Structure formats: structure tokens, C-alpha cells
There are 2 protein chains.
Amino acid sequence: MSEFTPARLEILHAAAECFMEQGFHATSIDVVARRMGATKGRVYHHYPSKVDLFFDVHRLGMDLLFSAVEPARHAPGDALEVLAAMMKAHALAMFEHHAFESVVVQGVQLHRFGALTPRQHQELEALIATRDQFEALFKEQASAARRAKLLANVDVSIAVKTLLGGLQWSLIWYRPEIDDSAKNRERLAEAMVRTLLLGLAARA
Amino acid sequence: MSEFTPARLEILHAAAECFMEQGFHATSIDVVARRMGATKGRVYHHYPSKVDLFFDVHRLGMDLLFSAVEPARHAPGDALEVLAAMMKAHALAMFEHHAFESVVVQGVQLHRFGALTPRQHQELEALIATRDQFEALFKEQASAARRAKLLANVDVSIAVKTLLGGLQWSLIWYRPEIDDSAKNRERLAEAMVRTLLLGLAARA
């Protein structure tokens, strides 16, 4: 909905951390302003309510995932190597934008809470549609790999949900304060992609 | 902490649904009592606070996972087939106890919120330790598969986190109201396990 101007980006970064650490319900515009060392007025100037702020954090979180994965779609190699590059880019983006992506996950759960105005509900539907588009990128690539006879005999839809789950669950166990070197992130991302692509079972 | 008496189980089932649908913050003892068509007093008689109620839902959620996976540890077959049986049992338990397992996931997030008394913090630590023990079951089995030369060349710790993520993420996309036939659950569980064990890439 809104443009990500520098003034807004500063607010969104602070808000993402507050939402991640305290959850949606315990966070307020006041809490976000304090985190920034700013007045409440400065936040309200850009975001009329906490829900609007949450939705923009969610929207930026999705933008960051698309920005990471889109270039990988043009990686060199066969359809499976491209899928691997997309998965790795996704994993690295989850590590790099830990706070934003934690909020993206909260967004799904929030959907269940139900206490939204009709306009906010509509915005949430749009965000969920974006999530479906993101999943569709991986489904398309997995289907391309299938056409090239590079894919195992799996149900593409369930396999893609499973692989995205394997990558996205890292939000739960990844600790940015411990694992924040670029080298360590590479290692974790590659290990996850390897497990998902090649499986746990030894290959003959 | 508490025994799961029939009276408590009734409360815990209602509470799991409320926590799942509305989240921790929007749920109250009053909401849970209304869901049961009971008085608040009946709930307070067993649970002095919402946090205590939440922790017991979490504890039962973990118990249900252990009860599902423990028998699978003695499934017939080699170490990898046993791992597959454990994964399938885990997946089916996530479907069957959807509300409780959603709360187990919220529990992790809650850990970040911080607003707990020292006693409650201690209880949360105990619950988290139980989660680690659960993960350890899968690590042990994967290590047994490695010793039997049945495992791919993966980092066991990251591979287990990835496989548990692939299974547990089904909480996000599984819709009990659509997919609730036993046959459909079997199909979903087997497709997830197959993807994780054999990988997305075709085997030569």
C-alpha cells in the first residue's frame, strides 16, 4: 500500500524488532516510537494504527523474500540447479531479515484472530495472495524440473510446502546473535538445501 | 506439573482451541469457560492463571507427540525405516492434534515475550527442555542410520532441524476442516516423509 521511503523504513525496522520480540498484542505505536527514540507523533504521521504498521512490516518482509529469490530464477544450470539456487537465496534471506520474516510468520497466525476491520481484512487477503505467489514461484520451478525429468516421483504441491517448511522453520531455531557470520549462514543454508534436494537417505 | 484428569482434559481441549484461534493475548480464562459452557470458577479451580493453563496445553501437546513417536521407535526395519516411521507418526500427530500442536508452536514464540514470573519462566524452561528431548529422539535415530551407512552425507543436526521443520510447518498450511479424513492424512504424511527422506531430486 505505502511506499517504502527512508523515513518509513526506519520505522519499519524498529517495528519489526518489537513485533518479533514482544508479539503483535504486546507491541504498541508507543513501544515502537520508544525503540526509535522518536515521538509517537512521528510514527502516527506515517501509520494511523498498529495494524497498518504490522501490515507494512509484513509487506516489506515479503518484498525482501521476492527480491532475494527473483534473481536466483535466472541462475545458470538445469531446472533443478535453479530450484536449488532459489532455495538457498530464500534460506539466506530468512537469516538476513530475521525480524521481518518472523513477522511474516506471525501474519499467518494473526489471520486466525479475526478482529480486523473489513478494509484491514482485505489488506490481509492481499498479503496472503502475495504469499501464494511466492509459493507459486517454487511450484513452477519444481514443475519445470519435473518436465526435465530431474524431479523425484513426488506430489509437487506437497513437496513444495514441505521444502518451504524446512527452510522457513529456521526462524524458530536460527539465532542471529550466534550465527550471524556470512560464512556460517552460507553453511547452514547449503546444509538445509542439500537435505531437502537430496534427502536424508544415502544415494546408491 | 499437573495430572491430566478428565476434568482438566476437558478444559485443556477448550483452551487449545481458544489459544489456536485467538492467540495467547486475546484468550482469557473467561473465554475458555464460555467455550465450555462452564463458569469461570470451574476453570480457576484447576488453573490459577492463563499462563498456567497455556503451559498445561503446551505440556499435553508435547505428551501427545511423544506418545505418537515413541512406539514408532520400535517399528520393524532398518534404522532408516524406523526414522521414516517416526516421521510419519509425528506428521499424523500434528494433523490429529492440530489445536494442541499450534499452541506448542506459539509457546516458542512466547518465550520471546519475556513477561513471565520466575516460576513461570522455570516452567517454560522445562517445556523447552522437553522439546529438545523430542528433537534428540530424531537425532539419535538419524545417527543410528548414519552408523548403518544408510544416511546421506549431511550434517545430522541441521538435517534433523530441517526435517522437523518440513513436518511441523504443516501446522501453517494444514486445514483440519478440509483434510480431515484418515486416508487424506495418511497421503499427506507419506508425501512429506517421502520428500524429506528421498529428496526432491530424482534418484539415478
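**Figure 1. Helix α8 of chain A against helix α10 of chain B.** Angles under 35 degrees count as roughly parallel, over 145 as roughly antiparallel, 65 to 115 as roughly perpendicular and the rest as oblique. In this predicted model, helix α8 of chain A, residues 156-168, packs on helix α10 of chain B, residues 182-198, at an angle of about 60 degrees and with 9 Å between the axes, and α8(A) and α10(B) are therefore oblique to each other. The crossing in which α8(A) passes α10(B) is right-handed. On the chain A side the contact is made by I158(A), A159(A) and T162(A), which meet R187(B), L188(B), A191(B), M192(B), T195(B) and L196(B) of α10(B). By class, the residues of this contact comprise 6 nonpolar, 2 polar and 1 charged.

**Figure 2. Helix α10 of chain A against helix α8 of chain B.** From α10(A), the residues R187(A), L188(A), A191(A), M192(A), T195(A) and L196(A) meet I158(B), A159(B) and T162(B) in α8(B). The residues of the contact of α10(A) with α8(B) fall into 6 nonpolar, 2 polar and 1 charged.

**Figure 3. The relation between the two chains.** Chain A is superposed on chain B by a rotation of 180 degrees with 0.0 Å of shift along its axis, and the RMSD is 0.0 Å. The two copies are thus related as by a two-fold rotation axis. Of the interface residues of chain A, 98% are also interface residues in chain B, so the copies meet through the same surface.

Figure 4. R194(A), which has its place in helix α10 of chain A, counts as partly exposed because its relative accessibility is 39%. When residues up to four places away in sequence are not counted, R194(A) touches G199(A) and, in the other chain, N153(B) and V154(B). Although 107 residues separate R194(A) from M87(A) in sequence, their C-alpha atoms are 9.8 Å apart in space.

Figure 5. H90(A) is placed in helix α5 of chain A, which spans residues 79-96, and with a relative accessibility of 0% H90(A) counts as buried. Leaving aside residues up to four places away in sequence, H90(A) touches L65(A), V69(A), F134(A), F138(A), L164(A), L167(A) and Q168(A).

Figure 6. Most residues other than glycine have a negative phi. In K149(A), however, which is not a glycine, phi is positive, near 60 degrees, and K149(B) likewise has a positive phi of about 60 degrees without being a glycine. K149(A) has its place in the loop between α7 (118-147) and α8 of chain A, and K149(B) lies in the loop between α7 (118-147) and α8 of chain B. With a relative accessible area of 71%, K149(A) is exposed, and K149(B) is exposed with a relative accessible area of 68%.

**Figure 7. G23(B) in helix α1.** G23(B) is found in helix α1 of chain B, residues 6-26, and counts as buried at 2% relative accessibility. G23(B) and E186(B) lie 163 residues apart along the chain, with 29 Å between their C-alpha atoms.

How values were computed
Residues are numbered from 1 along each chain as its sequence is written. Chains are lettered from A and ligands numbered from 1 in the order in which they are written. This is a predicted model: local features need pLDDT of at least 70, side-chain atom pairs count only at pLDDT 80 or more; totals for chains, interfaces and linings use all residues. Side-chain values use heavy atoms; hydrogens and water are left out. Contact means heavy atoms within 4.5 Å. Helices (H or I, at least four residues) and strands (E, at least two) are DSSP runs, numbered from the N terminus. Ala, Val, Leu, Ile, Met, Phe, Trp, Tyr, Cys and Pro count as nonpolar, Asp, Glu, Lys and Arg as charged, and the others, Gly among them, as polar. Axes are lines fitted to C-alpha atoms, for helices over the stretch in contact, and angles run from 0 to 180 degrees between N-to-C directions. A crossing is left-handed if the near helix is turned anticlockwise from the far one by less than a right angle, and right-handed if clockwise. Buried means under 20% relative accessible area, exposed over 50%, partly exposed in between (1.4 Å probe, protein chains only). Copies are superposed by least squares on the C-alpha atoms of residues with pLDDT of at least 70 in both.
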